[in-house]
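Welcome! Take a moment to look over the model below, and then we can walk through a few of its features together.

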Amino acid sequence: MKFFSSLLLSFLPLSALAQSCDPSTDADIPVFEEAKTAFLRTDYRAFANLVDDYIPTMDAQFKGLFGPLDAFEPQGYDRCRTILQRREEPAFYQEIVLYFPKGSAVPLALHLTGAEVDGEIRMLEFTYNTSISTVLDKLR
């Protein structure tokens with residue numbers, strides 16, 4: 001049975017194996033889950049593509065926004081954990097996620113902000129910092 005389970009897993013796409021940052025809840029927002037998974041994989045271009053409609057100069061700012069992450073943790077992250085999901089009616093959403101770098105005890109905190117726009121929840125902005133206090137200050 002283990003053999004068949006392993007064989008089945010080898011045929012699944014990588015995205016199916018790489019779940020986003022537990023714990024999963026009924027309040028999960030697909031665009032946030034996609035963003036968290038891209039960030040976990042250090043695919044910052046895919047992450048940026050989810051918010052670039054609301055940051056018109058994303059291409060010009062990309063290196064400035066994501067370059068520090070390459071310096072902070074060039075080996076990527078072992079895991080991540082969603083620690084806050086804030087939902088405010090009628091259509092405002094926030095999450096804070098901790099990312100744990102490989103070989104480091106200092107997590108990186110990521111704050112995502114979104115809203116329902118034209119019937120779809122979209123990511124509007126983000127911020128990250130190794131200081132959770134700095135990220136908490138961004139909560140609205």
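Let's begin with a disulfide that joins Cys21 to Cys80, with an S to S distance of 1.8 Å; the term stands for a pair of cysteine sulfur atoms within 2.5 Å. The search of the whole structure finds one disulfide. Its two ends sit in distant parts of the chain, 59 residues apart: Cys21 is in the loop between α2 (14–17) and α3 (30–40), and Cys80 is in strand β1 (residues 77–88). Helices (H or I, at least four residues) and strands (E, at least two) are DSSP runs, numbered from the N terminus. The disulfide is left-handed because the torsion about the S-S bond of Cys21 and Cys80 is about -90 degrees.

This is a predicted model, where local features need pLDDT of at least 70, side-chain atom pairs count only at pLDDT 80 or more, and totals for chains, interfaces and linings use all residues. Residues are numbered from 1 along each chain as its sequence is written, and side-chain values use heavy atoms, leaving out hydrogens and water.

How buried are the two cysteines? Cys21 counts as buried at 2% relative accessibility, and Cys80 counts as buried at 11%. Buried means under 20% relative accessible area, exposed over 50%, and partly exposed in between (1.4 Å probe, protein chains only).

Now for the strands, which pair if DSSP finds at least two bridges between them.

| Strand pair | Sense | Bridges |
|---|---|---|
| β1 and β2 | antiparallel | 10 bridges |
| β2 and β3 | antiparallel | eight bridges |

Strand β2 (residues 92–101) is largely enclosed by the rest of the structure, because nine of its 10 residues are buried.
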